[in-house]
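Please look over the points below alongside the model.

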Amino acid sequence: MNMLGGDPLLSGQIDLAVVLIVLLKVVAVFAFLLVATMLMIWFERKVVSDFQNRVGPNTAGPFGILQTLADGIKFFFKEDLIPDRAERRVFILAPLLTVVPAFLLFTIVPFGGDFSNGHDGSVELFGHTTYLQLADPAIGILFALAMSSIAVYGVMLAGWSSGSKYPLLGSVRASAQMVSYEAALGLSVCAVVLTTGTLSTHGIVVAQAGSGWGGFIPHWNLIATGFVPFVVFLLASQAELNRPPFDLVEAEQELVGSYHTEYSSIRFALFFVAEFMNSVTMAAIIVTLFLGGPAGPALLGPGWLWGIIWFLLKMTAFLFLFVWVRSTLPRVRYDQLMDLGWKVLIPLSLGWLLLLATFWVARDQHWNGFVTVGLGAVVGLTGYGLLKGAIATSKARRLEGVVD
Amino acid sequence: METVVFIVSALIVLAGGLGVVSSRNPVHAALSLIATLFGIAVLFLNLGAQLLAVVQVIVYTGAIVVLILFVMMLLGVDREEDLETEPLVGQRLLAGLIGLLFLGAVLAVIVIGREAIVTGTQSVTGAISPTISNISQIGTALFTTYVFALEITAGLLTIAVVGAVVLSRRPNDLAPIPEPESMINMGDEPLTAIPEEGAH
């Protein structure tokens, strides 16, 4: 059990209760994700409508909340088309390759538990102590990076196997974009891991719990890592999710429907669901990494319930932010997207990571903190100046026509 | 449990490997390669090497094969290939013979060695110390014992990146390389057609 990266508290004797707990958690996480995705699609449509001064879905159920369900049922009954020139097996495989990593990503997210007053978030279930998260492997957050790097395959193969021009162009764009932004994403996760000293998501949440600085400013990594990794992660995650303003992949004016142009029926629905599921999971991961996950004060009643409430509140705030950004900002140009990724986010997060590392070394060695960090900042700024100079020179030479 | 996981993932690894060499379509071959790499990641997990497993997935499956596929799609080299022709004559026969020889050698070791082949020493990929986590052990080893090798590798990678950038820029003020003499005065046929008189 331990070998599979399961709950470390379950190692030792495994009885029926343990198996039941794991099964219960799997079902709970699965159901939560599906319901959350359904609500997220409704929420996004509703909020975007509000931003655009229209009503949005309002017929199915109260406030149109069942609209997604109705759409899903409709998709099931649509004809399933496979284009003549499609690569059949890969065409069928691609939507599944998109959905499975989307589900797996959520397994490492701690979604509840009492972290107030020095509790470690464990709960009692059928006489066993366990965490409110499906799995807490030692590699924790690396698993999330692995899953998000696998998610590229679904998009890529869908575009390729359709046997048509626009999907192929869309999938080439998508894979270039996702591969570029993964580096920035990974580097900002590094900053969090460096600060908390653990890869396990549960450990990261525990490190952020407690009453915090001055008794009221929470101990969140958002502050402990100095805002920059958070901003980089937020931007890179939007690009990784192919959400507006980075939705070059699905630029309808240029690429029709991009990689899922040729898909119909339930296969299209799978892509659609995976996209929104990834948004939900990414919000959950941001909350875990930077905002203390389920950690928060327990006001009245059972503490574990407050964990879930805090987690959901924080997650909803981020989901609202995603929709807000989507309905406010226009889409960026492709060269702007690549410039932002390679020339701003990656150097910035790398520089910040080095600065953070310097800070921690200075603390360990009892050096003068101000001098060390100041010196580090000077070195960082020099590096930034050099990079700027190099970019300016190469641009000038390109304009002169010396190199292409 | 461990044996079952081993058998299943070993079968996936083998099937993937066979798929790589026997697929007619390069993209299918790349997909089989992914299956193989995943199987290896599961084998690592089975040995308790979680970090190696996840690094295997991130680096090989998530980066290298993605780049291979990307290049294949961009260059459009995803045509079906003819597997009937042998680029090197006798290549397949030799490969089969060497494979059999290798299998024979492994079997011979098992048969001759009998009980002695189970040495009881720990696997190389397993944890050295059960109390300290894999990740901190690897980190400590990398940044103390093997720090020189690590730095040299980092330097090598930087050189490779700079080299790729230098090679990929095309200065366009260079004069085109002239055709060799032997190609120009080959015979009475000029390379470019001489305009006929009064053609304008």
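The notes start with conventions and then go through the model point by point.

1. This is a predicted model, in which local features need pLDDT of at least 70 and side-chain atom pairs count only at pLDDT 80 or more, while totals for chains, interfaces and linings use all residues. Residues are numbered from 1 along each chain as its sequence is written, chains are lettered from A and ligands numbered from 1 in the order written, and side-chain values use heavy atoms, without hydrogens and water.

2. A:K46 lies in helix α1 of chain A, residues 16–51 (helices are DSSP runs of H or I, at least four residues, numbered from the N terminus). A:K46 is buried without a salt bridge, and the nearest side chain of opposite charge, A:D50, is 6.5 Å away. Buried means under 20% relative accessible area with a 1.4 Å probe, protein chains only; a salt bridge puts a Lys or Arg side-chain nitrogen within 4 Å of a carboxyl oxygen of Asp or Glu; Lys and Arg count as positive, Asp and Glu as negative, and His and the chain ends are not counted.

3. Leaving aside neighbours within four places in sequence, A:F290 is in contact (heavy atoms within 4.5 Å) with residues including A:W220, A:F230 and A:F233.

4. The contact between the chains takes 34 residues from chain A and 32 residues from chain B. The count of salt bridges between chain A and chain B is 0.

Key:
Helices (H or I, at least four residues) and strands (E, at least two) are DSSP runs, numbered from the N terminus. Buried means under 20% relative accessible area, exposed over 50%, partly exposed in between (1.4 Å probe, protein chains only).
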